[in-house]
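The exercises below ask you to work from an overall description of a chain to the packing of its helices. Each task is followed by a solution that goes step by step.

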Amino acid sequence: MDWNIFQQYGPMLLRGFGLTILCWLLGTILGMALGLVIALIQRYAPRPVGWIMQAYIEIIRGTPFLVQLFVLYYGGPLIGLRLDALPAGILGLTLYGSPYFAEIFRSAFQAVPHGQIEAARAIGMTEATIVRRILLPVGLVSALPALVNFSIILTKETVILSIITVPELMYQTQRMSTETFRYLEANLALALFFWALVETISRFGRRLEKRITGYLIERT
Amino acid sequence: MFSFQTFLDSFGPLFWAARYTLLISVLGIALGLVIGTLICAAALSRQIWLRRFAGLWVSFLRGVPLLVQLLLFYYLLPVIGIDVPAMVAAVVTVGICASAYISEIWRGAINALPKGQAEAATAIGMGPRDIWIRIILPQAVRLSLPALINELILLVKVSSLVSVVGILELTRASQAQAATTFRPLEVYLAAACIYLLINLFLAALGRYLEHRMAV
């Protein structure tokens, strides 16, 4: 085993790690936003639109992320969607995460006591106000653990972006190992690094979850 | 333009390659069930170091992306003197990865059973082995069935990653097909359709079994 390679390749790996975090953050935030929109559409749009959304959810959840990326990155140009690896990767993560987030929001909205919504209607709140003042804050409290959980799962999915040549951490590690023939050290270090990262994020996530829950309960 | 003919033509060879996708997923979940049961037993054991080991096992396998695990085992096995075909290495990795999730599924199901049942069984003089075989396991299996089918669906999707180590399953076959036809969009969409078919079938099977086994 030879660990000197990490000194030499340090800056490259660090840049890769930065990109991993960037992809993860953007993918999570955009995916969550899209998921919220889908959940709201399913709740308020007419039936046929809801069916289309349901089909979208089933298709994304029923196919591997890698195949979705291939369709987007290699198949996209055929219909005029020409994206670089990085935007394609972030878009892929967003599309991949959105149905899972949508389902989390949907079940959270269903958990909001119906009486509260009826009461709001009775005192003359508009639907938009009900969404903003009741559905979202109350729903968010019950959705939060699942949202945090799925965001953590998405950290691990970012490594798949390396296959469509997004130069994130996994890609840089692979490059390092093919240049130095240190496959085992590189992959072992990567595994330990991800382990530490996921453990840290989940710990931090739980704490954040408690803070936000406390804040939301205070507000409502 | 989208060529519908290429899309349809892709199905033949891809269906053939999907055998390996199914094989890897099914063998993976079988191995995962065996290891997962052992890990779950360790997690529920009275020995503290066994519980620690199980905790570490689950935390590591759930914290490391499968693609990284796959390459790690792929390069690790020859170094420690185990020389196996890529296919075996892939199934073992998928199985080990699944074992962490399956052990948690078992643990959840066993913990969900009312404690009073085991106590009542002890009170009427049943031994620990009888309690496990006749009371806890049959109920735990029924409770965890939907989660296990979900895990199988996950594995079908996860098996696409073994294409990276060169196994000619559905994803790898579509890569080859896309390279020869120069029509990646049609070919990958066909592959997506096949994955979707497999998973919709599994989901329906899961609902049927859940319905059958409901009390």
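**Exercise 1. Describe the fold of chain B.**

Read along the sequence, chain B follows the pattern α-α-α-α-α-α-α-α, and the count is accordingly eight helices and zero strands, where helices (H or I, at least four residues) and strands (E, at least two) are DSSP runs numbered from the N terminus. The model is a predicted one, in which local features need pLDDT of at least 70 and side-chain atom pairs count only at pLDDT 80 or more, whereas totals for chains, interfaces and linings use all residues. Residues are numbered from 1 along each chain as its sequence is written, and chains are lettered from A and ligands numbered from 1 in the order in which they are written.

Next, take the dimensions: the C-alpha trace of chain B spans about 70 × 45 × 25 Å along its principal axes. Of the 215 residues in chain B, 41% are buried (20 or more other C-beta atoms within 10 Å of the residue's own, with C-beta atoms placed from the backbone).

**Exercise 2. Characterise the packing of H1(B) against H4(B).**

Start with the geometry: helix H1 (residues 4–43) of chain B and helix H4 (residues 86–112) of chain B pack at an angle of about 45 degrees with their axes 6 Å apart, the axes being lines fitted to C-alpha atoms over the stretch in contact, and angles running from 0 to 180 degrees between N-to-C directions. H1(B) and H4(B) are therefore oblique to each other (angles under 35 degrees count as roughly parallel, over 145 as roughly antiparallel, 65 to 115 as roughly perpendicular and the rest as oblique).

Notes
Buried ≥ 20, exposed ≤ 12 C-beta atoms within 10 Å, placed from the backbone.
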